[in-house]
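Keep the viewer open as you read.

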Amino acid sequence: MSMNSEYQQRRQAVMAAIGQGTAIFGSAPTAVMHNDVEHPFRQNSDFFYLTGFNEPDAIAVLAPHHEEHQFVLFVRPKDKEKETWSGYRTGIELAKQKYGAHEAYPIEELAEKLPQYVENADRLYYHFGDDGRLDQHILALWRRLLAKYPKRGRGPVAIEDGRLLMQQFRRVKSASELEQMRKAIAISAKAHNHAMAITQPGRYEYEIQAEMEHIFRLEGALGPAYPSIVASGANACILHYIENDRQMQTNDLLLIDAGCAYNYYNADITRTFPVGERFTSEQRILYELVLEAQLKAIDAVQPGRPFNDFHDAATRTITEGLVELGLLKGSVDTLIEEKKHKAFFMHGTGHFLGLDVHDSGTLRNSDKTWKPFTPGNVVTVEPGIYIAPDYEPEEGQPDVEQRWRGIGIRIEDDVLVTQTGHEILTAAVPKSIAAMESRAEYA
């Protein structure tokens, strides 16, 4: 299937869901890095999912009730002078030819042309908060139409969140999406394995980051999917550490949480391994515990199993292990109920992955029960244990000996839910104790 056909199928699925409604999606804005220098443009994920259109200052409208134009794009018109400075623009005619819009208009004509696609809808679907000016325009249009409702007997009487609308569609990945995710993961796996091979005492965290991100770009990725975390020693106890400027020492562990974006689809991988040749005894004990928790969590990623099962599996395994080690005290059930494990394992076990690193997907039903995994879901599985150097126990909990302090460990894989179970997409990056202590072979 061509990508144009896939985008068309996605739009048709959304239009079937909204019936007599109209859905409006805005592109991402351009972002300024400093003064007048712009960041590289990154399209809004919902907008890209539905259109494949990769320019700013654009709006997509889905109006299944309209007699002629069910898919409309508002885009920047061609402008030779501006294109000389800021790059190619698709323009009005190509927006129809290349992206399948039934009609396209200059973005400057939004106020004039949009009402015809909204006035006969029974409700609007739009996400507020990304673009203040567009928010005000949509709200003013809706209020005008609402005021006319008593005389006209038709028009949008409610606004629903467009981002919530999209959750049900983006939660399950198509074959083409999985193909791009596999490519992002393959590139990221190559970078992780290279990082393992070159890490040694005396090198700096930023050297490892540079080598990995060099591979990302060299292999055709857009770049890092998120700021790369290369955290040695006690830095690994900072969950989103990104300074990456410390010199690594012999008895350190190195936690690397990094992945690339390929055509907007993301990988998200974490490995933790000794900077020197071997784990210390305490590092080994905690690593084995995190690995056991991760393997049990992965086992719980199955079609039909509720989303929270894999987190519960990891939490119980880690809590049991911490009690056995004397780092927590009390009944395992009570400790979990009171969330005492969060002193050492303070984050969730995973999240959906796709166009966004923390990808779209509703987790609970309206009755507060958890939604089940379904084939096509991709989720990260990433338990960890972090014992800060300045850890202070809660009342009633034991103090932690110095030998445990400053150890941070996380292991993360990307897992696809299949018809019969799951597939570990990131299996090319080793994680056993033996592999972590003989890393040179993974160069």
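How many salt bridges does the count come to? The total is 30 salt bridges, a salt bridge being a side-chain nitrogen of Lys or Arg within 4 Å of a carboxyl oxygen of Asp or Glu. The model is predicted, so local features need pLDDT of at least 70, side-chain atom pairs count only at pLDDT 80 or more, and totals for chains, interfaces and linings use all residues. Residues are numbered from 1 along each chain as its sequence is written, and side-chain values use heavy atoms, with hydrogens and water left out.

Start with Asp-130 and Arg-163. They form a salt bridge, with the closest N and O atoms 3.0 Å apart. The pair links distant parts of the chain, 33 residues apart. Asp-130 sits in the loop between strand E7 (124–125) and helix H7 (132–152), while Arg-163 belongs to helix H8 (residues 162–170). Helices (H or I, at least four residues) and strands (E, at least two) are DSSP runs, numbered from the N terminus. Asp-130 has 43% relative accessibility and counts as partly exposed. Buried means under 20% relative accessible area, exposed over 50%, partly exposed in between (1.4 Å probe, protein chains only). Arg-163, at 34%, is also partly exposed.

Next, take Lys-173 and Asp-359. Their salt bridge has its closest N and O atoms 3.0 Å apart. Lys-173 lies in the loop between H8 and H9, and Asp-359 in the loop between helix H13 (332–337) and strand E15 (378–381), so the pair ties together parts 186 residues apart in sequence. Both residues are buried. They also belong to a network of salt bridges that links Asp-46, Arg-170, Lys-173, Asp-356 and Asp-359.

A further pair is Glu-394 with Lys-340, whose side chains meet in a salt bridge (2.7 Å, N to O). Glu-394 lies in the loop between strand E16 (384–387) and strand E17 (407–410), Lys-340 in the loop between H13 and E15, so parts 54 residues apart in sequence are tied together. Glu-394 is partly exposed at 40% relative accessibility. Lys-340 is buried, at 18%.

Now turn to the helices. Helix H9 (residues 175–198) and helix H10 (residues 205–218) pack at an angle of about 150 degrees, with axes 9 Å apart. That makes H9 roughly antiparallel to H10, a label for angles over 145 degrees. The axes are lines fitted to C-alpha atoms over the stretch in contact, and angles run from 0 to 180 degrees between N-to-C directions.

Terms used: Parallel < 35°, antiparallel > 145°, perpendicular 65-115°, else oblique.
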